[in-house]
Amino acid sequence: MQSLESNIEKYFKAQCEKRGWLCLKVVSPSMRGVPDRLVIRSCARMAFVELKRPSGRLSGPQKAMIKRLKDFKVEAHVVWSKEEALELIRRWEEEG
């Protein structure tokens, strides 16, 4: 059975909070495509994260926003499973 996007998002949020990080839900009614979460690990370490189920897909506005964020040198990721979520979190832990 595939994980629902909401389950992946809950898992990701719990794993971030377990490490003492903020994992804020982002809602932007005036701008489509903004990633689901903003993770703040420290004052200089932040990243936007879009969470999708393995069979999900990014919408056009989501693709455009992620590209725009990266063009601004803002860290932005798409996570497709709990395993990818944990892999990203572990990479962040290694970075410090």
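**Notebook: salt bridges and cores**

I began with R45 and E95, whose side chains meet in a salt bridge at 3.9 Å, N to O. For a salt bridge I required a side-chain nitrogen of Lys or Arg within 4 Å of a carboxyl oxygen of Asp or Glu. R45 sits in strand β3 and E95 in helix α3, so this pair ties together parts 50 residues apart in sequence. I took helices (H or I, at least four residues) and strands (E, at least two) as DSSP runs, numbered from the N terminus.

A note on the source: this is a predicted model, where local features need pLDDT of at least 70 and side-chain atom pairs count only at pLDDT 80 or more, while totals for chains, interfaces and linings use all residues. Residues are numbered from 1 along each chain as its sequence is written, and side-chain values use heavy atoms, with hydrogens and water left out.

Next I checked exposure. I called a residue buried under 20% relative accessible area, exposed over 50%, and partly exposed in between (1.4 Å probe, protein chains only). R45 is partly exposed at 30%. E95 is also partly exposed, at 42%.

I then searched the whole structure and found nine salt bridges. R41, R45, E75 and E95 are linked in a network of them.

I looked up E9 and found a salt bridge to R37, with the closest N and O atoms 2.9 Å apart. E9 lies in helix α1 and R37 in strand β2 (residues 37-42), so the pair ties together parts 28 residues apart in sequence. E9 is buried at 10% relative accessibility. R37 is buried too, at 9%.

K67 pairs with D71, the closest N and O atoms being 2.8 Å apart. Both lie in helix α2 (residues 60-71), four residues apart, about one turn of the helix. K67 is exposed at 54%, and D71 is partly exposed at 49%.

I turned to the nonpolar cores (buried Ala, Val, Leu, Ile, Met, Phe, Trp, Tyr and Cys residues joined through side-chain atoms within 4.5 Å). The largest has 14 residues, and F12, C16, V39, V49 and W92 have the most contacts inside it. Two or more residues come from each of α1 (5-18), β3 (45-51) and α3 (82-95). Helix α3 gives the largest share, four residues.

Leaving aside neighbours within four places in sequence, V39 touches residues including F12, C16, W21, R45 and W92. I also noted a second, separate core of seven residues, F48, L58, I66 and A76 among them.

Terms used
Contact = heavy atoms within 4.5 Å.
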